[in-house]
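Welcome! Please take a moment to look over the sequence and the 3D view before reading on.

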Amino acid sequence: MSRSKLLILQFLVAAVAVLLWHVFTTIPIAGVKLLPPFFFSTPSDVALRIVKWFAEGTIWRHLWITFIESVLAFAIGSLAGIMVGFWFARQPLVAAIFDPYVKMINALPRVVLAPIFALWLGLGIWSKVALGVTLVFFIVFFNVYQGVKEVSPTVLANARMLGMNKGQLMRHVYWPSALSWMFSSLHTSVGFAVVGAVVGEYLGSAAGLGYVIQQAEGVFDVAGVFAGMVVLTVFVLSIDWLVTLAERRLLVWRPVAAETRT
Amino acid sequence: MRSTSLAVANGEFVAIVGPTGCGKSTLLNIAAGLIAPSAGHVDIFGTRLAGLNRQAGYLFQAEALFPWKSVLDNVAIGLETAGVERSEARARAHDWLTRVGLRDFSPRYPHMLSGGQRKRVGLVQVLIRDPKILLMDEPFGPLDAQTRQIMGNLLLDLWSADRKAVLFVTHDLEEAIALSDRVVIMSAGPAAHVIDEWKVRLPRPRDIAEIKTERAFQELHRDIWRVLKAEVLKGYAQTGGG
């Protein structure tokens, strides 16, 4: 199928969905609206709300806060994940000792940590960053750990025969291998950074997209909830697109995207 | 592996042939210092080997290029680790790649190359360091027959320019005779050992494809094969293969 045809069909799906939504919420069938606008709002109301937010400029502050929280969560989580991943992979004993605890913390649904972080770090951005970090850390950690462990023994032997010392092995072999694994999970980890930020905001904050949605819900403003979701979706998609661009630049040497652990 | 003794003279091209699983690769890895022998020792130019063999270059059977480095950087890295300036290393890598006909491929990454091209990169990656000893572990094993011949001739060409001691492991007897000065036959494992060796007195320079049609080549091949065949059959009996 040609690309333009595919695009048209993809667009049609959205158009039909919105049209059905519109019909069922505004036109009564046999005297009743199948989807009461009080619970489902209408596409036009949602669109108007989004336009209003951007026209008044109130939404920018919330977008910015969520963005900053996501970026910080991603940066701190990745850095910690890289360092601990390297450390564990190079020190099998340490990895063995901490193994059950790593599994334990990773098995814990991170949402339950949100109130504790709010208690410890207040209702500002840092409690949200902390929540995002706990999500991002494990993805990056597992991938870096795997990347260092899975260096081909032949490549390693070759590197040694080519005269690499410990530092050079780190720089020319372990580091690129670990990075390639980390980058292959970039979409997942960036996504989780945003999830951490939004969930944190939702559970207690004074700004951010999660806060906007939570506020709208509190007053049964369904149009506001849907509008918030649409803005959030577009926000995540644009970040994802940026990640794709970065990935293309950084992983030119790779034949196909490798499998990742999430 | 059982007690085995093997001496390679400076500038000599020795081929080791034996059935699968007889420990040929182990022998090379010991010579390279990648693994320590459980008993015995390796002497390099009269010096006892401890740790990695710094005078040896090793061409592996499996893919050993750094997939995240361009072809040029793959070749240059061996000089950089030896303390050569990066720009100088890259210039020399470029020269070497030109010698093996890969000049235009230097900015590419290994996965964009064919198997034969990757082997050529691997070869210059090793040769650029100018090792005194060249260890080769079935380097052309995964290649098709034509590419193997081309690679063999290229190897002989590069080797004749400045003769290094070569230990070339293969399971292909024809390749062994065509390339080497001496063919060493190893027995089937376990407890593998060197059973016999033959001098190859064919004139150089040789062309791998043409030399196989010569009478002296065929006679030598017949003699060696008589011994090798028994070992190969023994090897099959042990592994249940065929």
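The report below goes through the domains, the sheet, a pair of helices, the chain contact and a few backbone details.

This is a predicted model, in which local features need pLDDT of at least 70, side-chain atom pairs count only at pLDDT 80 or more, and totals for chains, interfaces and linings use all residues. Residues are numbered from 1 along each chain as its sequence is written, while chains are lettered from A and ligands numbered from 1 in the order in which they are written.

**Domains**

Let us begin with the domains, whose bounds come from an automatic or database domain assignment. In chain A, domain 1 covers 1-37 and domain 2 covers 41-250. The centres of domain 1 and domain 2 of chain A, taken over C-alpha atoms, are separated by 33 Å.

Chain B is also divided: domain 1 is made of 1-55 + 131-242, and domain 2 is 66-130. Here the C-alpha centres of domain 1 and domain 2 of chain B are 25 Å apart. Two residues are in contact if their C-beta atoms, placed from the backbone, lie within 7 Å. By that rule, eleven residues of domain 1 of chain B touch nine residues of domain 2 of chain B. Helix H5 (residues 145-161) of chain B provides the largest share of the domain 1 side, five residues. Helices (H or I, at least four residues) and strands (E, at least two) are DSSP runs, numbered from the N terminus.

What classes of residue make up that domain 1 side of chain B? There are ten nonpolar, one polar and no charged residues. In this scheme Ala, Val, Leu, Ile, Met, Phe, Trp, Tyr, Cys and Pro count as nonpolar, Asp, Glu, Lys and Arg as charged, and the others, Gly among them, as polar.

**The sheet of chain B**

Now find the open sheet of six strands in chain B, with the order S4-S5-S6-S1-S7-S8 and mixed pairing. Strand S4 (56-59) and strand S8 (194-199) of chain B are at the edges with a single partner strand each, so one side of each has no neighbour in the sheet. On average, neighbouring strands of this sheet are turned by 15° against each other, direction ignored; such angles run from 0 to 180 degrees between N-to-C directions, and axes are lines fitted to C-alpha atoms, for helices over the stretch in contact.

Strands of a sheet pair through backbone hydrogen bonds, either parallel or antiparallel. Two strands pair if DSSP finds at least two bridges between them. Some pairs are listed here.

| Strand pair | Sense | Bridges |
|---|---|---|
| S1(B) and S6(B) | parallel | five |
| S1(B) and S7(B) | parallel | four |
| S7(B) and S8(B) | antiparallel | five |

Val17(B) has Thr170(B) in S6(B) as its bridge partner, and Ala15(B) stands opposite Val183(B) in S7(B). Ile185(B) is partnered by Asp196(B) in S8(B).

Is strand S7 (residues 182-186) of chain B mostly covered or uncovered? Four of its five residues are buried, and S7(B) is mostly covered. A residue is buried if 20 or more other C-beta atoms lie within 10 Å of its own, exposed if 12 or fewer, and partly exposed in between, with C-beta atoms placed from the backbone.

**Helices H8 and H9 of chain A, and the chain contact**

In chain A, the axes of helix H8 (residues 153-161) and helix H9 (residues 166-184) come within 11 Å and cross at roughly 150°. Val155(A), Leu156(A) and Ala159(A) in H8(A) meet Leu169(A), His172(A) and Val173(A) in H9(A). This contact has five nonpolar, one polar and no charged residues.

Between the chains, 16 residues of chain A are in contact with 19 residues of chain B. H8(A) gives the most to the chain A side, with six residues. That side divides into nine nonpolar, six polar and one charged.

**Backbone details**

A cis peptide bond joins Arg204(B) and Pro205(B), with omega about -5°. Pro205(B) is in the loop between S8 and helix H7 (208-211) of chain B.

Ala30(A), which is not a glycine, has a positive phi near 50°. Ala30(A) is in the loop between helix H1 (3-26) and helix H2 (37-40) of chain A, and counts as exposed because it has 5 C-beta neighbours inside 10 Å. Phe220(A), not a glycine either, has a positive phi of about 55°. Phe220(A) is in the loop between helix H11 (209-218) and helix H12 (222-250) of chain A, and counts as exposed with 10 C-beta neighbours inside 10 Å.
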